[in-house]
Structures are given as C-alpha cells and as structure tokens.
Amino acid sequence: MKKIILSACAAFALTGPALAQEAPETLVTILTAPEPQTQLMAMVLAVQAAQQGAAPHILLCGPAGDLALKDAPATATTPQPPRDMSPQGLLTKIAGMPNAKVEVCAIYLPGKGAQADVLMDGVTVAQPPAMAAAMIAPNARIASY
C-alpha cells in the first residue's frame, strides 16, 4: 500500500507542472534557415498558433531576412506545394494580423549595407533589449528554424 501511495504522489508531482502551464500569449519564431520550404513551414506554424490565440512575433535573421525585402529573391516569392503559398506571401499575412510583430535582426540591414526603406510594410528592425524581453517573457514560447 505504501508503494502505491508513493507512486501516486510521484506521478502527481511529475504531472502537476504540466497541468499548471498556461497557453502561451506569444509565439516567438526565430527564422534563419535559407530553404524556402523551411521558411514556409515556419510561417504556416506561426499562422496556426495565431489562430489558436497566440500573438505571432517573427524574427528574421541571416538568409531568412530576405523574406522581408520589398524586392525579395525568387526563393521568397515562389509558391510552394501543396497550396501554392510563398514564404513571403504568408509573412505578409502575418504582418497584417492584430498583435503580430515581424522584425529583422538588428544586424541584418547593416550587413546588407541597406536602410529600413528596403523592408516591406509591417516589418521593422528588432531592438535587442526588446527582443530579449520577448524571448524570456513568462508566457511566451520560442520556435527556431
């Protein structure tokens, strides 16, 4: 009997934190991958999370920063199967959502020798202190690709 009670207590102790977790308010998606398929899937999952109540916060760094360019490369704008969506097309949808943030890394534009006017509407440059705060917020989840 003593073993059963101890086992039950241990099981409850292990499941208690999982049951107490609240749904995230924000999904912070950090995207650096250069592959269009990976970029598109990151956007698909961000949209799905938004439809389930999480505010999308997208950070684009490195090659993924090109998604945010007004004059984006074909890899960002070419529709992907099976639904003929492009990574940039879905990013544009996310940028227009209420409570959404889409940003490029603070070092992305200087690395390209460009200014913020090359970015599509709805995209800004991330400020490291604010981005760090978003990442460590108690009710945020991070997805990184």
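Me: Why does Ala64 count as buried?

Reply: In this predicted model, Ala64 has a relative accessibility of 0%. The cut-off for a buried residue is under 20%, so Ala64 counts as buried.

Me: Where does Ala64 lie, and what does Ala64 touch?

Reply: Ala64 belongs to the loop between E2 and H3. Leaving aside residues up to four places away in sequence, Ala64 touches Leu31, Thr32, Ala33 and Gln39. A contact requires heavy atoms within 4.5 Å. Gln39 is itself among the buried residues of H2. As for Thr38, 26 residues separate it from Ala64 in sequence, and the distance from C-alpha to C-alpha is 9.9 Å.

Me: How do you know that the span of helix H2 agrees with its number of residues?

Reply: Helix H2 covers residues 36-51, which is 16 residues. The expected span is 1.5 Å times one less than the number of residues, so H2 should span 22 Å. The C-alpha atoms at its ends are 23 Å apart, and the two values therefore agree.

Me: Which residues of H2 are buried, and what covers the buried residues?

Reply: The buried residues in H2 are Pro36, Gln39, Leu40, Ala42, Met43, Ala46, Val47 and Ala49. Their cover includes strands E1 (26-31) and E2 (55-60), together with helices H3 (74-77) and H4 (87-95). After H2 comes Gly53, with a positive phi near 105 degrees.

Me: What makes H2 a main contributor to the lining of the largest pocket?

Reply: H2 supplies seven residues, the largest share of that lining. The lining has 14 residues in total, and those nearest the centre of the pocket are Leu40, Val44, Arg83, Met85 and Leu90. Two or more lining residues come from each of H2 and H4.

Me: What is the volume of the largest pocket, and how is its lining divided by class?

Reply: The volume is about 250 Å³. The lining consists of eight nonpolar, four polar and two charged residues.

Me: Why is Asp84 called exposed, and what is its phi?

Reply: The relative accessibility of Asp84 is 59%. A residue is exposed when the value is over 50%, so Asp84 counts as exposed. Its phi is near 55 degrees, a positive value in a residue other than glycine. Asp84 is placed in the loop between H3 and H4.

Me: Why does Asn99 count as exposed, and where does it lie?

Reply: At 68% relative accessibility, Asn99 is above the cut-off and therefore counts as exposed. Asn99 is found in the loop between H4 and strand E3 (101-104). Phi of Asn99 is positive, near 65 degrees, in a residue other than glycine.

Me: What is the order of the elements in the protein chain, and how many of its residues are buried, as a percentage?

Reply: The protein chain has six helices and five strands, which run α-β-α-β-α-α-β-α-β-α-β from the N terminus. Of its 145 residues, 39% are buried. Among contacts with a separation of 6 or more, 68% join residues 24 or more positions apart. The chain exposes about 8600 Å², with 62% of that area supplied by carbon and sulfur atoms.

Methods:
Residues numbered from 1 in each chain as written. Predicted model: local features only at pLDDT ≥ 70, side-chain atom pairs only at ≥ 80, totals over all residues. Heavy atoms only, no water. Helix = DSSP H or I, 4+ residues; strand = E, 2+ residues; numbered from the N terminus. Buried < 20%, exposed > 50% of the residue type's maximum accessible area, 1.4 Å probe, protein only. 1 Å grid on protein atoms, 1.4 Å probe; cavity = no way out; pocket = protein on both sides within 12 Å on 5 of 7 lines; lining within 4 Å. Points joined across faces, edges and corners; volume = space filled by probe spheres on them. Nonpolar A, V, L, I, M, F, W, Y, C, P; charged D, E, K, R; others polar. Areas by Shrake-Rupley, 256 points an atom, 1.4 Å probe, with all protein chains shown as cover.
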